[in-house]
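I opened this notebook to record what I looked up in one structure. The entries follow the order in which I made the searches.

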Amino acid sequence: TVKNCYNIGNVTGNGKYVGGVVGQNFSTVENCYNTGNVTGNSSVGGVVGQNDGTVENCYNTGNIDATGEYVGGVIGYNNGTAENCYSKIVPPTVI
């Protein structure tokens, strides 16, 4: 579980699963936020790159840049549950 965490720096990844706080989640990400810019290939999200668990009460205000697919303001690719999340960035920028 990742709880009450934040990122304010820029994050850059060369592969998949790039997130401002968590790259790939299999459990719970709760009460987290990102304000930094996030750049990657695929499954790129402001808070979580790929979610296979639960993301709740999270937000993103950073820019999202990606060269591939599955890009989102809070979650890049969601295969789980997301509740009470929001992003200032809609839609994300795809390079």
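**Ground rules.** I am working with a predicted model, in which local features need pLDDT of at least 70 and side-chain atom pairs count only at pLDDT 80 or more, while totals for chains, interfaces and linings use all residues. I number residues from 1 along each chain as its sequence is written, and my side-chain values use heavy atoms, with hydrogens and water left out.

**Aromatic pairs.** I searched the whole structure and found 4 aromatic pairs, where rings of Phe, Tyr and Trp (its six-membered ring) pair if their centres lie within 6.5 Å, and planes under 30 degrees apart count as stacked, over 60 as edge-to-face and the rest as tilted. One of them is the stacked pair of Tyr 6 and Tyr 33, with 5.1 Å centre to centre and 5° between the planes. Since Tyr 6 sits in strand S2 (residues 6-7) and Tyr 33 in strand S7 (residues 33-34), this pair ties together parts that are 27 residues apart in sequence; I take helices (H or I, at least four residues) and strands (E, at least two) as DSSP runs, numbered from the N terminus.

Tyr 6 is exposed at 53%, whereas Tyr 33 is partly exposed at 24%.

Tyr 59 and Tyr 86 are also stacked, at 5.2 Å centre to centre and 5° between the planes. That pair links distant parts of the chain, with Tyr 59 in strand S12 (residues 59-60) and Tyr 86 in strand S17 (residues 86-87), 27 residues apart. Tyr 59 is partly exposed at 25%, and Tyr 86 is partly exposed at 48%. I noted that Tyr 6, Tyr 33, Tyr 59 and Tyr 86 form one aromatic cluster.

**Two single residues.** I found Val 2 in strand S1 (residues 2-3), partly exposed at 26% relative accessibility. Beyond its neighbours within four places in sequence, Val 2 is in contact (heavy atoms within 4.5 Å) with Val 21, Val 22, Thr 28, Val 29, Glu 30 and Cys 32. Between the C-alpha atoms of Val 2 and Lys 16, which are 14 residues apart along the chain, I read a separation of 20 Å.

Ser 42 belongs to strand S9 (residues 42-45) and is buried, at 10% relative accessibility. Apart from residues up to four places away in sequence, Ser 42 touches Gly 15, Lys 16, Tyr 17, Glu 69 and Tyr 70.

**Nonpolar cores.** I define a core as a set of buried Ala, Val, Leu, Ile, Met, Phe, Trp, Tyr and Cys residues joined through side-chain atoms within 4.5 Å. The largest has 9 residues, namely Val 22, Val 29, Cys 32, Val 47, Val 48, Val 55, Cys 58, Val 74 and Ile 75. A second, separate core of 5 residues includes Val 18, Val 38, Ile 64 and Ala 66.

**Cysteines.** Cys 32 is buried at 1% relative accessibility, while Cys 85 is partly exposed at 27%.

Methods:
Buried < 20%, exposed > 50% of the residue type's maximum accessible area, 1.4 Å probe, protein only.
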